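Welcome, and please take a moment to look around the structure below. The report that follows walks through it one region at a time.

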Amino acid sequence: MAVLPILRWPDPRLEERCAPVTGDVAGLAADMLETMYAAPGRGLAAPQVGQLIRLFVMDTTWKEGTRAPVVCINPAITWRAAEVQTGPEGCLSIPGIVTQVARAKAIRLRWTDLAGQDHEEILQGFAAVCAQHEYDHLDGILTLDRISPEDRAAAERALA
Ligand code: ZN
């Protein structure tokens with residue numbers, strides 16, 4: 001396993017729509033989890049390490065105790081609650097910037113794990129936010145794309 005370099009905005013690879021996973025990603029997923037824990041973060045998408053494929057990893061509880069890594073291959077959001085919550089989000093590719101992003105309060109996420117097993121679960125609270133954030137990365141969407149032009153201008157000034 002290895003800690004991989006994390007791409008930083010405005011790297012153009014972060015704005016690409018990613019292709020479905022077709023091959024074996026066990027090694028990459030292990031490296032992504034190690035990279036996420038080292039960062040430290042609670043989610044990491046493959047394009048953030050330069051792999052433009054539909055894969056992300058997350059562990060929404062490890063900072064509070066036990067590790068519970070989840071590897072999501074070819075995920076799909078199959079339902080979004082109409083109710084929206086706005087909360088602070090950081091991104092490992094936009095270090096030092098926290099933006100207020102509106103997200104569905106709950107989603108249903110479908111994905112395949114490393115064993116080839118399909119899953120479908122309702123996610124709420126922080127897990128719902130984290131999964132929507134990571135899923136956005138697979139479509140080349142960043143938190144900066146989900147905030148007002150004024151907030152984006154302020155974030156870009158802070159990054160410059
Ligand atoms: Zn991110």
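This is a predicted model: local features need pLDDT of at least 70, side-chain atom pairs count only at pLDDT 80 or more; totals for chains, interfaces and linings use all residues.

Cys91 sits in the loop between E4 and E5, while His133 belongs to helix H2, so the pair links distant parts of the chain, 42 residues apart. Are Cys91 and His133 buried or exposed? Both are buried.

**The largest pocket**

Cys91 turns up again here. Seventeen is the number to remember: the largest pocket is lined by 17 residues, and those that lie nearest its centre are Arg42, Gly43, Gly90, Cys91 and Phe126. The volume of this largest pocket is about 300 Å³. Which element gives the most to the lining of the largest pocket? Helix H2 does, with six residues. E4 and H2 each supply at least two residues of that lining. Sorted by class, the lining of the largest pocket has seven nonpolar, six polar and four charged residues.

**Strands side by side**

Next, the strands. Strand E3 covers residues 70-80, and strand E2 covers residues 55-58; the two pair in the antiparallel sense over four bridges. Within this pairing, Val57 stands opposite Val71 in E3. E3 is also joined to strand E6, residues 106-112, by five bridges, and these two strands run antiparallel. Here Trp79 has Arg108 in E6 as its bridge partner.

E3 has one more detail to look at. Most residues other than glycine have a negative phi, and most peptide bonds are trans. Asn74, which lies in strand E3, has a phi near 45°, a positive value in a residue other than glycine. Asn74 counts as partly exposed because its relative accessibility is 30%.

**Two cis peptide bonds**

The backbone also holds cis peptide bonds. The bond from Trp9 to Pro10 is cis, with omega near 5°, and Pro10 has its place in the segment before H1. The bond from Ala39 to Pro40 is cis as well, with omega near -5°. Pro40 is found in the loop between H1 and strand E1, which covers 43-45.

**Salt bridges**

How many salt bridges does the structure hold? The count is 11.

| Pair | N to O distance |
|---|---|
| Arg13 and Asp11 | 2.9 Å |
| Asp139 and Arg17 | 2.6 Å |
| Lys105 and Glu83 | 3.1 Å |

Start with the salt bridge between the side chains of Arg13 and Asp11. Arg13 counts as partly exposed because its relative accessibility is 37%. Asp11 counts as buried because its relative accessibility is 15%, and the cut-off for buried is under 20%.

Next comes the salt bridge of Asp139 with Arg17. Asp139 lies in the loop between helix H2 (125-138) and helix H3 (149-159), and Arg17 lies in the segment before helix H1 (26-38), so the pair ties together parts that are 122 residues apart in sequence. Why does Arg17 count as exposed? Its relative accessibility is 60%, and exposed begins over 50%. Asp139 is partly exposed, with a relative accessible area of 22%.

The side chains of Lys105 and Glu83 also meet in a salt bridge. This pair links distant parts of the chain, with Lys105 in the loop between strand E5 (99-104) and E6, and Glu83 in the loop between E3 and strand E4 (84-89), 22 residues apart. Lys105 is partly exposed, with a relative accessible area of 34%.

Key
Residues are numbered from 1 along each chain as its sequence is written. Side-chain values use heavy atoms; hydrogens and water are left out. Two strands pair if DSSP finds at least two bridges between them. A salt bridge is a side-chain nitrogen of Lys or Arg within 4 Å of a carboxyl oxygen of Asp or Glu. Buried means under 20% relative accessible area, exposed over 50%, partly exposed in between (1.4 Å probe, protein chains only). On a 1 Å grid over the protein atoms alone, a cavity is a set of points where a 1.4 Å probe fits but cannot get out, and a pocket is an open set with protein on both sides within 12 Å along at least five of seven lines; lining residues have an atom within 4 Å of a point. Grid points are joined across faces, edges and corners, and a volume is the space filled by probe spheres set on the points. Ala, Val, Leu, Ile, Met, Phe, Trp, Tyr, Cys and Pro count as nonpolar, Asp, Glu, Lys and Arg as charged, and the others, Gly among them, as polar.
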